[in-house]
Amino acid sequence: MTLLVDDVTLTYPDGDGRLTALDAVSLEVPAGSLTAIVGPSGSGKSSLLAVAATLVTPDSGRVVVAGRDTSLLGPAEKSALRRERIGIVFQQPNLLASLTAAEQLQVMAHVSGRPSRQLRRRALELLDAVGLADKAGKRPHELSGGQRQRVNIARALMNEPAVLLVDEPTSALDHERGAAVLDLLVTLTRERATATVLVTHDRAHLDRMDRTATMADGRLTAGAPAAAGPPSASVPAA
Ligand code: ADP
Ligand code: MG
């Protein structure tokens, strides 16, 4: 199993008590497969990605990434594991205004110590894979929202991650562009054999995902909510 989240509970301080963001959550994601996570705002989806990314340490439970139990690693080892094995795509692309699309990817992998000509070749290959072969020299202000999100995704793949974690990549896009980005994530997951977790509001393409799970009040259950009706109708009562 490339990504294993095993019985993870995460709480945050909340006034005098604690708020349970993740309540005994388990998730297994094999290489080359994509699991979509849906659920209402505030249900714990981003918290789950933060724990899977080893950015946040849970109160209990374990996260195993590419065979390594991250609960046994120190901060420096975790940060090296993140750099080498985990690709993270946040909601907002956070591209650097002064860099071209190709350079956004190259700086990402700068620390890996590979020769710059090789990094450049990989950057161009990935931009091609996300449909931006002709935009390598463009800066963020010259790209559309959908194109910026594609650069963001390509950048997360620069270090050939085993695990790809994607948080609501289509929230700022219209339906058509959003659908194209989800399509792209499915294709990249197969081609690059990543264990991909996708948090999404967009239910239109859930049938293309390998698995769907629903988050509600910090609990994760297998399966999609009922397709018909408003989102609130499909959330189990607390
Ligand atoms: P989602 O991504 O599904 O909207 P989040 O994982 O962001 O949900 O949040 C889950 C719950 O944890 C919410 O009640 C949120 O307010 C709370 N929360 C998230 N991050 C923090 C934090 N850093 N400190 C305190 N509470 C937080
Ligand atoms: Mg969120």
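**Helix crossing and sheet packing in a predicted model**

Helix H3 passes helix H4 in a right-handed crossing (the near helix is turned clockwise from the far one by less than a right angle). Helices (H or I, at least four residues) and strands (E, at least two) are DSSP runs, numbered from the N terminus. The model is predicted; local features need pLDDT of at least 70, side-chain atom pairs count only at pLDDT 80 or more, and totals for chains, interfaces and linings use all residues. Residues are numbered from 1 along each chain as its sequence is written, while chains are lettered from A and ligands numbered from 1 in the order in which they are written.

The axes of H3 (residues 101–108) and H4 (residues 116–129) come within 9 Å and cross at roughly 125° (axes are lines fitted to C-alpha atoms, for helices over the stretch in contact; angles run from 0 to 180 degrees between N-to-C directions). H3 is therefore oblique to H4 (under 35 degrees is roughly parallel, over 145 roughly antiparallel, 65 to 115 roughly perpendicular, the rest oblique). Ala101, Ala102, Leu105 and Gln106 of H3 meet Leu119, Arg120, Ala123, Leu124, Leu126 and Leu127 of H4 (contact: C-beta atoms, placed from the backbone, within 7 Å).

An open, mixed sheet holds 6 strands in the order S6-S7-S8-S3-S9-S10 (strands pair if DSSP finds at least two bridges between them). S6 (86–89) and S10 (219–222) are the edge strands, each with a single partner, so one side of each lacks a neighbour in the sheet. The twist averages 20° from one strand to the next. S3 (residues 33–38) and S9 (residues 211–216) run parallel, joined by 4 bridges. Ile37 stands opposite Ala213 in S9.

How values were computed
Contact = placed C-beta atoms within 7 Å.
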